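Here is a friendly walk through the model you are about to see. Please keep the structure open beside the text as you read.

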Amino acid sequence: MSSMMILVAAYGVCFGLMNEKLAFLNRVLYALPLFRREDGNFFRRMFRCSYCTGFHAGWMVWLLGVFPHYIISGLSVPEMVGDAVIAAFASSAFCYAADTIIQWFER
């Protein structure tokens, strides 16, 4: 899977989580005790931040799209972890930039 495809897919997941478009996943997450607290909890605040949500969307997309190829090719664990972290940070920057640009056009 190409890097651009990973970034665009991560932005799609990020957008879906932030805007509650992934109803099945949001329902599961909001049922967890960490999400039910109404005192401004961490997770609800995270879904308002495209940089934060983009980070988690990045490693999730990497896990689903790239990890199976790493298992088949037999690469070492440090290489896999390093690539997952790089994908997560690249995704967070991309999601933040894309979200900021799109919000600017929406005005």
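Let us begin with a pair of cysteines. The sulfur of Cys95 lies 4.1 Å from the closest cysteine sulfur, that of Cys14, which is too far for a bond, because a disulfide is a pair of cysteine sulfur atoms within 2.5 Å. At 0% relative accessibility, Cys95 counts as buried (buried means under 20% relative accessible area, exposed over 50% and partly exposed in between, with a 1.4 Å probe and protein chains only).

A word on where these values come from. This is a predicted model, in which local features need pLDDT of at least 70 and side-chain atom pairs count only at pLDDT 80 or more, while totals for chains, interfaces and linings use all residues. Residues are numbered from 1 along each chain as its sequence is written, and side-chain values use heavy atoms, with hydrogens and water left out.

How many disulfides does the structure hold? The number is 0. Cys52 is likewise in no disulfide, and the nearest cysteine sulfur, in Cys49, is 3.0 Å away. Cys52 is partly exposed, at 33% relative accessibility.

**The overall picture**

The protein has 7 helices and 0 strands; helices (H or I, at least four residues) and strands (E, at least two) are DSSP runs, numbered from the N terminus. Along the sequence this gives the pattern α-α-α-α-α-α-α. Taken along the principal axes, the C-alpha atoms fill a box of roughly 45 × 35 × 20 Å. Of the 107 residues, 31% are buried. Among contacts (heavy atoms within 4.5 Å) between residues at least 6 apart in sequence, 62% join residues at least 24 apart.

**How the helices pack**

Two packed helices are described by the angle between their axes and the distance between the axes. Here the axes are lines fitted to C-alpha atoms, for helices over the stretch in contact, and angles run from 0 to 180 degrees between N-to-C directions.

| Pair | Axis angle | Axis distance |
|---|---|---|
| Helix 1 and helix 5 | roughly 125° | within 8 Å |
| Helix 5 and helix 7 | about 140° | 7 Å |
| Helix 1 and helix 7 | about 65° | 9 Å |

Take helix 1 (residues 3-18) and helix 5 (residues 50-65), whose axes cross at roughly 125°. That angle makes helix 1 oblique to helix 5: angles under 35 degrees count as roughly parallel, over 145 as roughly antiparallel, 65 to 115 as roughly perpendicular and the rest as oblique. Helix 1 passes helix 5 in a right-handed crossing; a crossing is left-handed if the near helix is turned anticlockwise from the far one by less than a right angle, and right-handed if clockwise. On the helix 1 side the contact includes Ile6, Ala9, Val13 and Leu17, and on the helix 5 side it includes Thr53, Ala57, Met60 and Val61. The residues of this contact divide into 10 nonpolar, 4 polar and no charged (Ala, Val, Leu, Ile, Met, Phe, Trp, Tyr, Cys and Pro count as nonpolar, Asp, Glu, Lys and Arg as charged, and the others, Gly among them, as polar).

Helix 5 also packs against helix 7, at an angle of about 140°, and the two are therefore oblique to each other. Helix 5 passes helix 7 in a right-handed crossing. Among the residues that meet here are Tyr51, Phe55, Trp59 and Trp62 in helix 5 and Met80, Asp83, Phe89 and Tyr96 in helix 7. This contact divides into 13 nonpolar, 5 polar and 2 charged residues.

Helix 1 passes helix 7 in a right-handed crossing too. The contact of helix 1 with helix 7 divides into 12 nonpolar, 1 polar and 1 charged.

**Individual residues**

Which residues does Ser50 touch, not counting those up to four places away in sequence? They are Cys14, Met18, Ser92, Cys95, Tyr96 and Asp99. Ser50 belongs to helix 5 and is buried, with a relative accessible area of 7%.

Ala97 sits in helix 7 (residues 77-106) and is partly exposed, at 35% relative accessible area. Its C-alpha atom is 21 Å from that of Phe43, 54 residues away along the chain.

Pro33, in helix 3 (residues 33-36), is exposed, with a relative accessible area of 55%. From Pro33 to Gln103 the separation is 70 residues in sequence and 32 Å in space, C-alpha to C-alpha.
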